[in-house]
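Please prepare a briefing on the structure shown below, with attention to domains, interfaces and salt bridges.

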Amino acid sequence: MFPANEALILSAILFSLGVIAFIVRRNLLYTLMSVEIMLNAAGLAFVAGSAIHGQPDGQVFFMFILPVAAAEVAIGLALALLIFKRCKTLDLWAIARIKEE
Amino acid sequence: MTILTLLVAVPALGALLCALAGKTNANTVRGVALGATLLHVALAIGLIGAVAGGPLIERHLWIPSVGITYHLEADGLSAILVLLTAVIGVVAVLISWSEIRERVASFHVWMLLLLTGIVLVFLARDIMLFYFGWELMLVPMFFLIGVWGHEDKLYSAVKFFLFTFAGSVFMLIALLYVYFQYAAQTGTYSFALADLMKTSLSPTEQWWVFLGLFVGFAVKIPLFPLHTWLPDAHTQAPTAGSLILAGLLLKTGVYGLMRFAMPLTPEGYTAFIPLMAGLAVFGIFYGAWAAFAQRDFKRLVAYSSISHLGFVVLGLAVGNAAGYKGAVLQMVNHGLATGGLFLIAGLLQERTHTRSFEMFGGLWRQIPTLGGFLLFFALASLGIPGTGNFIGELYVIGGAFSRAWWLGAVTGFGVLFAAIYSLRVFLATMHGPESKTFRKLHDTNWRENTALGILVVLLVVIGFYPRTVTTPLHFAPDQLVPAAGRDSRSAAAMYGSAPKTGMAVHTSEGAH
Amino acid sequence: MTDNGVPALWLVPALPAAGALIIFLFSKFWNPRVAGRIACSAVGLSFLWVLVCSYMLITWPGEAPRFTQKLWTWLDAGTITADVGFLFDQVTLVFTLVVTGVGFIIHLYSVAYMRGDDGERRFFGYMNLFVAAMLVLVMADNAFFMFLGWEGVGCCSFFLIGHFYQKQENCAAATKAFLVTRLGDIFLLLGVLLCAKLAGVSFLDLSGFEKVAGMDSVPQAFGASGPLLLTIAGLLLLGGAMGKSAQLPLQTWLPDAMAGPTPVSALIHAATMVTAGVYLIARFHVLYVMAPVALAAVAMVGVGTAFYAATCALVQTDIKRILAYSTISQIGYMILGLGVGAFSLGLFHFFTHAFYKALLFLAAGTVIHALHGEQNIYKMGGLKASLRGTYLVFLCGAAALAGLPLTAGFFSKDAILWYSLSTKYGNPALFALGMVTALLTAIYTFRLIFVVFHGTERSHHHVHEPEPLLVKPLAVLAFFALFAGFLNLPHFVPVLSAKWEHFLEPVFGHYHAHPAGYGGKAGEALAALLSTVVSLAGLFIAWKLYHPGAAVVPVPAMEIGESETSTPAPYKASLANWLYRGWDFDRAYDAAFVRPFRRLSGMSSWVDRVIIDGVFELSAAIVRGVHSLLLAFQNGRLSRYALVMLFGALAGTIILFFGRGW
């Protein structure tokens, strides 16, 4: 039996960790990673829901989330690379300041 | 596809061709635009002939699920205004020939798109299609002012956009209310004007709906106190922009009142007559007074537009045959005469790089032909007999006189103030000691003479044979012009819903 | 010629109109002299065609001929219906003959007068246009079409007064003329609209007024009785006539209008346009007979203006202003004639006046031309010898103006004065004031003669002999100024008496008033004798005051420069100065209308810019303020956004789960 409740709790913890990381970290790479964690937490919640209801919808959704996450990482990393080239830093606040100036 | 679709399509295709020709030299673009507008004039003349036998209709389903149709229709009123649009289009292209030197292609693209929108407004009988055309006018005008305008162009462009857009929101809400009421009453969704006129609305509802429409259209006309965008927009717009603004855009507001607001809510219209007449008469005087105090040529003419459009609205408010015909005549004449004044302002600015009366004076010796044209348009603007403006004003004053003698008498004195500011335009530029600043200004060339000459000839033709404009209003079914003696009945209430049988009706229901 | 044998009337105005069009369109490719030739031939041809029409009208077989011709329907909107149509009856005949005949002579004169002027082509274009408009005015078969000509002549007057446009005063004079007459025109238009509503305004069915006069209440929105409405209509039309014919209180524009070239003053501001008011009232005579109050107002305005202008003319120093005031005064006589029901005599005075006043103006122009533009009579003097021919024709004109016996002016003025006493609309007061005015007229006329032509030469310029074209045409006018009076000898003369009145009878018919009482023919002879005495007395007084050696000459104490102030005061006596300024009408109007209008205009502009636009600008400013407030949240820091989102999501969740019970 798939431990659905535990999986949901795990998903909540993962999501919270992702959010906290997103808020506190200023480095672009960490920010991207935290977004990735949040996405996967949501995916886990979908799978768990699917198990609870005994229907495949949730797993299908996760199949959609996977490529979206992959695409996001690909584009995000490419952007991060470009930004680093131009700004010599990945500190988001510093980048925001540069933009303002 | 009938002549109606062609009338909409020709300027649009012209715009496309201009865009394509943009890579080649500027004169090709201008030539293409001129060709398109000339073809447009030919079609519009054909339209006048065609509607003599009855209205032309073209209807296709467009978005049937919500009841939107592609419904074009032309009766005498539409045909006249479409012809005016086409003629003004030609003049606008001619006058921009030497004025516009940068981004020539995009200028003409926007201008032709603007004409497309205007023609669509004049021909659409489906409210969504009308609204589409209405908003289509907005964007090109915004760019014409904002890109090719003068010193304060962005402010004016944004002001123009915000005013008219805000107004059109009120209009849309009112129209949608009628739409949903119709749906609730009949169970079918339709945006067709003819259908919506069958909606039964209580007097209170009519009052509110008319208010919404009135606000939307009054901004465009513009009526006091919603007029303040006009002086700025006119002053800053390039010459062709001012011409189209004065000649056509303001007319769409009046046309909207005549075609949509008054027929949809006849009782609302009746309730609003005192307000309309009051604002109109006040506008006649206020515009004239304010015009006299201006130091900027184009600003003065802009204020005079407020005064002139006061006559138009008054003509609608008095609701009898004379007033109605006067309103239509005055729409056309104002477009031609005030358009002419804007052309001259543009030509003067092209030569002297200023619009300020303080810089002008005594220019007649250097530019006699231009001065002669200015004299003519100034006189036309003050309503000298022999020009169309006189007939328009006479009809409106006469209509007001029939309705209430004091209204006619008060309005009559508005003509005096028109004389004061019109003479000022002429005297301050051409008369007086010769300005030391300008030496050897060159007089008009043949292209400018043609552009101005077209307007002069039309004004004189209307002045001596006003029935060129008023006869089409009687084309069957004659429901627009109130018959003589039926003063109390509103012009609007007579607009019938469906054309009678046996007329040149081109209906083609598109299969879904 | 049209199919029913009526000559093509439209040709009469069309010829000068075509002349104007040709001059405007093409003359810039030609020598400026060509414009003058085109203009002269256009008016000349028009005159010949008028002669043809007149001959046909007079010799028309059958009863009461009246030519009409409709070209096309012009206006059709409710009660406003009008054709582009022409009417040719005896009244039109008189006016068209004068307009084209005198017009032709003045055109000839102008060819010489305007030679070498910068705006020669423009001048002739406008002159032709003016003649065309004036012909439309007098030939239109309905009041709306007449109004076209009415405004057209006003326009041309505006153009031509401002002919020397580089001087600011001339432009001001042109504007003043246009605006003051336009004020009158508005009254006229309202009057015409009222008449259209009451009875239709085609001149062919003016008898509709008879029906209205009998009505107790006229339907449709007016709520007044028929006679009252007729009176109002008559007064409104009189307002129009006041404007165009420079009658009190709208007379102020005419003296200033002398800024135009002298031929313009002769044609427009003496012979033709300013008499449009006379034509108007004569045309609407039916209405005025129906509304006696309006008719009395006409008479009072006429005699009042005649007196007013004569007093002003006494003290003017500018030769053209003297003539301008005399024009106002003489038109006052015409209006007086109309106002006592003597319609044909008003027209007769118009007829004679057109000749002698055009003559005086043209001769004055020749004098001015010879003195290189000098217009101040106190700088002329002694020109009798150097300008012999001019002096002689001027003398003929002056004799007619002063009403010396047997001249044209004598017969026409005397007839009006007699009728102003003896018809049922007349009274002794009108007659007395008219006689006093006649005395003043003789005084100022001969003052002009004595100061300008007699005495010593005060001019510093070399007087050069004018070219023949500036004198010869005047001889024709001089002939008519002396002998035109014989067309209408008084009733007491056994031959040729009242010919003119009989000629116009088909038009005025029984509406024309006739003398009654006051001794009939004997009284008339007595009145004529009185006129004779009065004019000779005027001549005598003028000689006493202004002959070369006179000691009591009221000469201006100070020099009057080119640029006059708004309150010039050249004389020692304040009464003279007051008269010189035209009873200070200008000053009063300036204070009552001009300055308040400027203030009103400035205020409107200010209100528009500051208050009305200010409201919209304020709303824009509010939006901008809110915008900058919200902008503080947009700091570009992603983690802050996330934090805000988190709390938002939390709050949403809490509300969703726990808010149900609220």
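What distance separates the centres of domain 1 of chain B and domain 2 of chain B, taken over C-alpha atoms? The two centres are 19 Å apart, and the contact between these domains takes 72 residues from domain 1 of chain B and 69 residues from domain 2 of chain B, where contact means heavy atoms within 4.5 Å. This is a predicted model, in which local features need pLDDT of at least 70 and side-chain atom pairs count only at pLDDT 80 or more, while totals for chains, interfaces and linings use all residues. Residues are numbered from 1 along each chain as its sequence is written, chains are lettered from A and ligands numbered from 1 in the order in which they are written, and side-chain values use heavy atoms, with hydrogens and water left out.

**Domains of chain B**

- The domain assignment of chain B gives domain 1 (1-264) and domain 2 (265-512), with bounds that come from an automatic or database domain assignment.
- About 6100 Å² is buried between the two domains, and carbon and sulfur atoms give 73% of that area; buried area is the accessible area (1.4 Å probe) that two parts lose on being put together, summed over both.
- Two salt bridges are counted between the domains, a salt bridge being a side-chain nitrogen of Lys or Arg within 4 Å of a carboxyl oxygen of Asp or Glu.
- B:Asp232 and B:Arg299 form a salt bridge, with their closest N and O atoms 3.3 Å apart.
- On the side of domain 1 of chain B that touches domain 2 of chain B, the largest share, 16 residues, comes from α10(B); helices (H or I, at least four residues) and strands (E, at least two) are DSSP runs, numbered from the N terminus.

**Interface of chain B and chain C**

- The contact draws 62 residues from chain B and 52 residues from chain C, and the two chains bury about 4900 Å² between them, 71% of it on carbon and sulfur atoms.
- The rule finds three salt bridges across this interface, and the side chains of B:Lys325 and C:Asp76 meet in a salt bridge at 4.0 Å, N to O.
- Between chain B and chain C, 16 residue pairs are in polar contact (both at pLDDT 80 or more).
- α16(B) gives the largest share of the side of chain B that touches chain C, namely 13 residues.

**Hairpin of chain C**

- Strands β1 (residues 67-77) and β2 (residues 80-88) of chain C run antiparallel and are joined by nine bridges, strands being paired if DSSP finds at least two bridges between them.
- C:Leu75 has C:Ala82 in β2(C) as its bridge partner.
- The hairpin formed by β1(C) and β2(C) has two residues between the strands, and C:Gly78 in the turn has a positive phi of about 60 degrees.

**Salt bridges over all chains**

- The count over all chains comes to 25 salt bridges.
- B:Arg125 forms a salt bridge with B:Asp75, the closest N and O atoms being 3.7 Å apart.
- B:Arg125 lies in the loop between α4 (104-123) and α5 (127-148) of chain B, and B:Asp75 in the loop between β2 (68-74) and α3 of chain B, so the pair ties together parts that are 50 residues apart in sequence.

How values were computed
Polar contact = N/O pair within 3.5 Å; in protein donor to acceptor, adjacent residues only side chain to side chain.
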